[in-house]
Amino acid sequence: MTDKSANTMWGGRFAAGPDAIMEAINASIGFDQRMASQDIAGSRAHAAMLAATGILSDKDVEAIREGLLTVLSEIEGGTFEFSTALEDIHMNVEARLKEVIGEPAGRLHTGRSRNDQVATDFKLWVRDQFDAAEGALLSLIAALLDQAEAGADWVMPGFTHLQTAQPVTWGHHMMAYVEMFGRDLSRVRDARARMNESPLGAAALAGTSFPIDRAMTAQALGFDRPAANSLDAVSDRDFALEFLSTASICAMHLSRFAEELVIWSSAQFRFVTLSDRFSTGSSIMPQKKNPDAAELIRAKVGRIYGANTALMMVMKGLPLAYSKDMQEDKEQVFDAADNWMLALAAMDGMVRDMTANRASLAAAAGSGFSTATDLADWLVRVLGLPFRDAHHITGALVAMAEGQGIDLPDLTLDQMKSAHDGITKDVFDVLGVENSVASRTSYGGTAPVQVRAQIARWRETLA
């Protein structure tokens with residue numbers, strides 16, 4: 001099979017076009033059509049620069065820029081017919097532009113290559129995704145701040161190894177995720193700033209002999225500056241890798257939170273009630289309310305991690321500058337972006353809709369000897385015991401309570417004094433969970449006063 005359009009596209013070097021297998025493996029239009037608006041924006045900026053530098057006539061450039069808007073409207077309207085024979089979004093747009101405006105379309109590619117064109121399009125697309133991620137993270141953080149503020153003084157158990165450790169507040173637990181997603185927000189902003197250099201004008205790999213103005217196209221497309229090395233500009237995919245690594249870390253945070261929501265919403269915990277909007281039922285068990293949205297968020301991290309690893313493997317052995325291997329960069333990033341944005345939106349919705357069950361949280365906070373550390377601290381602070389001795393005495397009292405099937409506050413004073421004669425009735429003041437959390441006033445601690453201070457700091461930062 002031969003294809004004259006493909007033959008023409010490649011120029012006179014080839015006597016015959018690709019056969020069906022080569023066309024199938026070579027074509028990327030099935031996925032890179034997602035970059036249509038970025039491709040046309042880049043071409044319009046390039047055309048305007050060609051006119052400003054006198055490389056093309058104003059008449060030709062006006063026809064090109066208007067024609068590109070026509071092509072864009074066809075794509076957005078769903079009437080554009082994409083062709084695998086034309087390989088990618090760039091050649092599909094250029095071929096249609098020629099049908100719309102004729103001969104001037106052939107001048108558009110002056111001073112550039114598909115190598116710098118695709119790098120520019122891809123950067124613009126990834127930059128848009130970073131902006132979307134920033135907005136989604138800001139919204140999620142705001143939802144967490146609202147939850148934290150509502151329950152700044154609600155006691156709940158804090159866990160290590162998923163075993164009851166010390167009482168904390170609901171607000172403190174929500175603020176832990178604010179800090180985690182805040183770091184994700186910082187990574188998004190940092191990576192976006194670093195990637196914001198324009199590859200356009202690097203041409204195939206060595207630059208061009210035409211007197212182009214790369215600063216002009218960079219500014220027109222919202223880049224901070226042109227990329228400084230033409231070889232690097234067309235071979236760089238660090239921005240895509242940083243996008244995937246940033247998405248991977250954030251997806252891990254989302255997955256950890258999703259895991260807690262799955263546990264907390266179970267009948268055994270009843271810490272939270274998820275809304276019907278983010279739950280499903282069972283086909284045969286009418287009592288079931290399944291946290292499917294949380295479970296699916298938990299699973300998304302696998303796809304995002306997979307994309308990150310896949311692109312690392314694609315890039316790890318490539319010499320400079322461009323190799324066709326790099327066509328495999330986009331599907332990974334597209335899929336990861338779709339799943340990251342979906343997971344962020346779903347988590348945002350769950351956090352906004354969920355109800356924390358204060359009574360269940362409080363009941364659990366006082367169980368499992370959660371104030372044992374407070375007892376040990378009291379022995380050190382009031383009786384002046386070495387901490388290791390206090391730890392041993394507290395452990396003995398925990399064993400005593402456990403043997404009787406009661407909790408520490410339920411022991412009598414005489415039972416307490418059997419472990420150490422210096423213990424007084426004042427010890428019971430520290431064994432209440434409310435007193436415990438209120439005492440943790442160190443910076444970043446769980447005391448409600450500290451939680452509210454951190455909420456205020458974050459609200460001021462985001463404002």
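Start with the exposed side of helix α5: select D58, K59, E76 and G77, which are exposed (over 50% relative accessible area, 1.4 Å probe, protein chains only). This is a predicted model, where local features need pLDDT of at least 70, side-chain atom pairs count only at pLDDT 80 or more, and totals for chains, interfaces and linings use all residues. Residues are numbered from 1 along each chain as its sequence is written, and side-chain values use heavy atoms, with hydrogens and water left out.

Now select the whole of α5, residues 58-77. Helices here are DSSP runs (H or I, at least four residues), numbered from the N terminus.

Next, colour D60, V61, I64, G67, L68, V71, L72, E74 and I75, the buried residues of α5 (buried means under 20% relative accessible area). They sit on the same side of α5, because they cover an arc of only 155° around the axis (the arc is that of the directions from the helix axis to the C-beta atoms). An α-helix has 3.6 residues a turn, so residues three or four places apart point the same way.

What covers that buried side? Show α4 (36-52) and α6 (89-101), which are included in the cover. Then step just past the end of α5 to G78, with its positive phi of about 80°.

Stay with α4 for a moment. Its axis comes within 9 Å of the α5 axis, and the two cross at roughly 170° (axes are lines fitted to C-alpha atoms, for helices over the stretch in contact, with angles from 0 to 180 degrees between N-to-C directions). That makes α4 roughly antiparallel to α5 (angles over 145 degrees count as such). On the α4 side, the contact (heavy atoms within 4.5 Å) includes I40, R44 and A48, and on the α5 side it includes V61, L68 and L72.

Jump to Q147 in helix α7 (residues 114-150). Q147 is buried, at a relative accessible area of 11%. Leaving aside neighbours within four places in sequence, Q147 is in contact with W170, M174, V351 and M354.

Last stop: S248, in helix α11 (residues 238-264). Buried or exposed? S248 counts as buried, at 5% relative accessibility. Not counting residues up to four places away in sequence, S248 touches V301, I304, Y305 and N308.

Notes:
The expected span of a helix is 1.5 Å times one less than its number of residues. Angles under 35 degrees count as roughly parallel, over 145 as roughly antiparallel, 65 to 115 as roughly perpendicular and the rest as oblique.
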